[in-house]
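This report describes aromatic pairing and helix packing in one protein model. The sequence and structure are shown first, and the description follows.

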Amino acid sequence: MQNATTSHTRTALVTGASRGIGRAIALRLAQDGLLVAVHYGSDAAAAQETVDLIAAKGGRAFSVGADLGSYEGVLALVEGVRAGLDAHTPDAERAGLDVLVNNAAVTSSGGRLQEETVDRFDRLFAVNVRAPFFLVQQLLPLLRDGGSIVNIGSGVTRIALADELAYAMSKGAMETFTRTLANVVGARRITVNTVAPGPTQTAALTAALAAMPQLEEMLIGGQALPWVGQPEDIADPVAFLASSEGRWITGTVIDASGGTYLGPKR
Ligand code: NAP
């Protein structure tokens with residue numbers, strides 16, 4: 001089994017772990033005993049809160065800030081992770097990374113076709129597509145054989161939403177990246193998968209639910225399962241893929257949307 005005899009400190013980097021789904025993934029991986037690099041874009045205090053939540057439960061984590069809208073930000077993240085792992089790894093061990101979760105993304109849509117702007121489109125693709133691509137490129141030497149890469153996708157690649165056009169395209173690119181990269185790194189027993197959430201109750205959806213009470217019923221009406229998706233509902237399948245139990249799954253997209261828009265219920 002891939003990780004059954006692991007004696008080193010298992011480690012993870014979760015991008016965009018200062019809040020929302022990324023925070024839940026960081027907490028879940030720390031609960032599994034991994035030392036977690038909690039990446040954030042701009043909100044250092046929120047990232048520190050994630051680190052503190054992990055520490056309060058007996059886990060280990062450190063935070064690293066970097067704007068993933070630029071290539072320099074990607075390089076800064078790689079350096080920050082390297083330094084953090086070195087600082088937290090016992091002297092007798094060589095620092096390495098076991099799990100990379102590409103979660104950070106520009107999540108607000110740019111709008112419909114006619115409303116999209118070049119600046120917004122470029123920013124979206126820089127953060128959602130270019131950053132994970134070059135992050136993987138730069139982290140490969142640090143990534144241990146037998147490790148895992150999990151990309152956070154979205155149900156919008158399956159469900160056509162007109163006002164999420166550019167965002168959906170960016171998530172489609174990540175699904176292609178997943179499939180091809182799996183073949184590129186498979187010889188090192190590194191798995192690559194996408195977990196694709198549907199509507200998930202992060203702060204933005206909590207605010208929307210408060211402003212529009214009928215939204216909960218609308219969301220659940222479009223799903224097979226009868227509750228609003230929670231960040232933990234996404235973190236659990238990510239942890240599974242990152243564990244030895246997911247060792248034979250690679251190059252695939254796992255829908256974690258409670259069965260959103262599967263078709264008529266009767
Ligand atoms: P979120 O609450 O908006 O949080 C986004 C995270 O990404 C934050 O930690 C943010 O850091 C970071 N981030 C954003 N722009 C960045 C940039 N330019 N550079 C560096 N970091 C940046 O997101 P979420 O709703 O939890 O979504 C997480 C993932 O799930 C995303 O990939 C999203 O596409 C996907 N997803 C979410 C839903 C949903 O309903 N929530 C549904 C489908 C898919 P700072 O706050 O520190 O800047």
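How many aromatic pairs does the structure hold? The structure holds four, where rings of Phe, Tyr and Trp (its six-membered ring) pair if their centres lie within 6.5 Å. This is a predicted model, in which local features need pLDDT of at least 70 and side-chain atom pairs count only at pLDDT 80 or more, while totals for chains, interfaces and linings use all residues. Residues are numbered from 1 along each chain as its sequence is written, and side-chain values use heavy atoms, with hydrogens and water left out.

**Aromatic residues**

One of the pairs joins tyrosine 71 and phenylalanine 134 in an edge-to-face arrangement, with 5.4 Å centre to centre and 80° between the planes; edge-to-face denotes planes over 60 degrees apart. The two residues are 63 positions apart and link distant parts of the chain, tyrosine 71 lying in helix H3 (residues 71-88) and phenylalanine 134 in helix H4 (residues 118-139). Helices here are DSSP runs (H or I, at least four residues), numbered from the N terminus. Tyrosine 71 is partly exposed at 33% relative accessible area, and phenylalanine 134 is likewise partly exposed at 24%; this class lies between buried (under 20%) and exposed (over 50%), using a 1.4 Å probe and protein chains only. Tyr71, Phe133, Phe134 and Phe177 form one aromatic cluster.

**Helix packing**

Two helix contacts are tabulated below. Axes are lines fitted to C-alpha atoms over the stretch in contact, and angles run from 0 to 180 degrees between N-to-C directions.

| Helices | Axis separation | Angle |
|---|---|---|
| H1 (residues 20-31) and H8 (residues 231-242) | 8 Å | about 50° |
| H3 and H4 | within 9 Å | roughly 40° |

The crossing of H3 and H4 is right-handed, meaning that the near helix is turned clockwise from the far one by less than a right angle. On the H3 side, the contact (heavy atoms within 4.5 Å) includes Tyr71, Val74 and Leu75, and on the H4 side Arg130, Ala131 and Phe134 are among the residues involved. By class, this contact has nine nonpolar, two polar and two charged residues; Ala, Val, Leu, Ile, Met, Phe, Trp, Tyr, Cys and Pro count as nonpolar, Asp, Glu, Lys and Arg as charged, and the others, Gly among them, as polar.

H1 and H8 are also oblique to each other, and H1 passes H8 in a right-handed crossing. Residues of H1 in this contact include Gly20, Ile21 and Arg28, which meet H8 residues including Pro231, Glu232 and Asp236. The contact of H1 with H8 divides into ten nonpolar, one polar and three charged residues.

Terms used:
Rings of Phe, Tyr and Trp (its six-membered ring) pair if their centres lie within 6.5 Å; planes under 30 degrees apart count as stacked, over 60 as edge-to-face and the rest as tilted. Angles under 35 degrees count as roughly parallel, over 145 as roughly antiparallel, 65 to 115 as roughly perpendicular and the rest as oblique.
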